[in-house]
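Trainee: I would like a close look at one part of this protein. Could you walk me through it slowly?

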Amino acid sequence: MNSKDQKKHIHTLNEHLQIHFDQSWVGEIESRFESNGPWDDWTLYQLAYESENTKLVKDFDELQCLNQLSNLEPMPHQISTAKKVLTGMRGRAILADEVGLGKTIEAGLILKEYLIRNLVKKVLILVPASLVLQWVRELNQKFNIPAVAQKKAYMWDQYDIIVASVDTAKRNPHRDIVLDKEYDMLIVDEAHKLKNKKTTNYQFINSVKKKYCLLLTATPIQNDLKELYNLITILKPGQLGGDSQFKTNYVVDKRIPKNENQLKDELSNIMIRNRRSDGHLDLTKRNVKNIPLTLSDEEFDLYQSVTDFVRKRAQESEGISHLFSLITLQREVCSSRDAVFITLVNLFKKTSEDSPVRAMIWELVDKIKKINSHTKAKNSLDLIQQINDKVIIFTEYRATQEYLLKFLKEHQIIAVPYRGGMNRGKKDWMMDLFRKRAQVMVATEAGGEGINLQFCNHVINYDLPWNPMRVEQRIGRVHRLGQKNDVHIYNLSTKGTIEEHILHLLHEKINLFESVIGGLDLILERLEKKSSIEKNLYKIILESQDEGEIRTKLNRLGDSFTKVKGEIYNHQIIDHPETEVNP
Amino acid sequence: MNKQQVDQFVMRYLESKQCHIIEKGSDHVVVQLSPEADRELTNRHYYWNFVERTGASPETMRLTFVFDMEKYEQAKAKNKEKENKMNTDTILGRYLGITPLAGPQRTIQQDMTFGSIKLEQLFQVVQQKGKYINLYEVPSETSVSESTAYMSWLGVNFKVEFTSDLKRSEIHSLGICLSTGEIQTDFHHTALQMKLTTKMPPNTHIRPTISLERAVSELQKYIIQKVKVVDQKWALDAHDRLNEEILRIQTYYKDLIAAAEEEDKQEVEGLFENRLQEIKRQYEPKIQVSVINCGFFSLLCDDH
């Protein structure tokens, strides 16, 4: 027998297996015996036994966490993902579900399971800075996991489960502390940002010591198979062979894979991608209604004058880039006179006092003053009254938002605002008010986290963003998991203005509204190789001589969207076309 | 643990800590904690530090533990409605249009469901505070004659964990007689059937002949025997996985190290070593035996 000071007693069972006995209790009970106490309570002794017994993990495979989550009801595909990662993938996986299928929930389930099994204690969760608090909140509230946001260097030691931004963690003094630790689990959100192995982010994350590891990304493969290879190297180096082996075995061109089936097989050992089309997500239908509006004479006159102003300024100016802001005027005048007014005033302040432009601006402001009626607002009011249910109105402009809130109030409709600049508490409060009291929410922001408005199924696009991704984000706020009714989308567009063109492009050519376009982000990223789609649109509007030319160029842009979409669907090793592509 | 089990578990704890139960419903309990329970559950270290240093009389917290939040909230809302109806008819309400707040004192609500942070904390507390005991069997009335012969037993609740990248665990409750060396299984349940007390009954003679060290060693031998006959497939499988993973990274890094520039070589080798260690840490099968709790049980000779 070893001396009682030795805390661990190790006995070898066979060549592979050792049995470790914790001996720390022996000294303790002996000393209590010698000094005749103190002894613990018999009831607490029984409770201790029961608590261990109830948490006993009787099975290697069965998920334990499901009956310990009272604040969450995971969906079937999330549960099967968690099981597969735990047993089939040995706790190292790329979770690559399409946006909106709950990757965070899956990661939470897996983490919770390992915590319950006591296989994981120290956890590092690396996310973009803007998502740190959201992660902490979700883990705390939905999973009862005591995660904290990393704020000070001492926290690395003091807390077991830490959520930190990659950009902070990779810098000293944090870097040295983190790389010195042995983590039981590493989770990286938005992992597609790690595609380039030369970046400091990549090298840092690749050096973290971990047992289990989850990489979360909605877009596992973007432009280059090499990027996927780099991602896999963090998880399981060598899974697809060495560098050159991978190239000879799997790559034709950087975008086109070889031996697709074999590659798919290999990938299925390391990556899970649930898609909407798999039927995981029974989303309700979308009904789209475009509402063309005829502006009043005064309003149309203003639009024309602003357009002329923009054209004139464009011809006079040399560089095109600063002219982009002029297009904004045109967009704003379609939204509301308030929006255009504010921009004009700012423009006025910026022009030098002796410039003739000042007079031109004043002329426009005079025209604004003459407008009494507001066609769009009036039509929206009719629409809202007709719908007679909760409605969310999206606009691009703060001034339009303010105007609408005032306008609706005058007509006895309770409306609340929602803005990106609001702090978390205020956002939650506004959502709560919308759910319980207000009929309408007027929002300028659709992106960002945590706006879940499944209780509302009417969306009015008062004006449209020119970036398709942002349009999809808007609709996604209500058309998501938990929406029980069909979603109605109303697009307001003023006849004879640029709005008409944009709506034509987004609706007819890109077919954005009727269904979710799988891999929209991928398509856009590839389409935007040279410059962003918004910039392209600005350019087309500015450079075209007349309406006909605008239309032709927009159609061409729509065609190239369709082409890229086709390319991506045909050469996808992960995604398959969910709808046939027909130009 | 279902709701009833959690309910009972919490109530037994509160009772054993002499907490004052203010209200008990089917979905909740309102309790004024005893000082001891307050220290263990409320995380108010600074406050208790202050009480100790100043000698101020402590004010413990009043908490509401909720075993089913949804049902509890529903019941609460219903009560409120009823109260409002009643309150509209108070004298003040009738003449002045105000109703005084007569609701119960607001307390902090805590979710006490299986998996909740508070219950987990309670688990930790009882595991720390219910670790070592020393109990005597109470002799029956009739046998309180002259001297009673007792036999001392060491009871230990072992937790045996079969760990690789996966895990499974078992509890082995063993008791060893310190006179004869006899080992009994399922000892915890045997003890639960008995009437036990912390006070040593008069005229007790205990003559342990086996040392603690020897007893511990015997128990460990017993567990090793038990574990040996358990199916070893899990460990062999884990070993296969380990070897497979090691082979994979060896192949990968061999190329990489060979291709590396002289100055980078060390770094790449370092990475490789880290990877090797983490894989071993993850997959290497082992059995870990820890002790949940243990104690001396002095039992009457006749029974055994």
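In what order do the seven strands of the open sheet in chain A lie, and is the pairing parallel or antiparallel?

Mentor: Happy to! Keep in mind that this is a predicted model. The order across the open sheet of chain A is β5-β6-β4-β7-β8-β3-β11, and the pairing is parallel. At the edges you will find β5 (148-149) and β11 (271-272) of chain A, each of which pairs on one side only. As background, strands of a sheet pair through backbone hydrogen bonds, either parallel or antiparallel.

Now zoom in on one pair of strands. In chain A, β3 (residues 92-95) runs parallel to β8 (residues 212-216), and four bridges join the two. To find your place there, look for A:I94, which stands opposite A:L215 in β8(A).

Helix α4 of chain A (residues 103-116) lies across β3, β4 (123-127), β7 (185-188) and β8 of chain A. Relative to β8(A), α4 runs at about 170°.

Finally, a word on confidence. Chain A has a mean pLDDT of 85, with 92% of its residues at 70 or more. Take care with residues 1-5 of chain A, where the pLDDT is below 50. Residues 576-583 of chain A also stay under 50.

Definitions and conventions
Residues are numbered from 1 along each chain as its sequence is written. Chains are lettered from A and ligands numbered from 1 in the order in which they are written. This is a predicted model: local features need pLDDT of at least 70, side-chain atom pairs count only at pLDDT 80 or more; totals for chains, interfaces and linings use all residues. Two strands pair if DSSP finds at least two bridges between them. Two residues are in contact if their C-beta atoms, placed from the backbone, lie within 7 Å. Axes are lines fitted to C-alpha atoms, for helices over the stretch in contact, and angles run from 0 to 180 degrees between N-to-C directions. pLDDT is the predictor's confidence in each residue, from 0 to 100.
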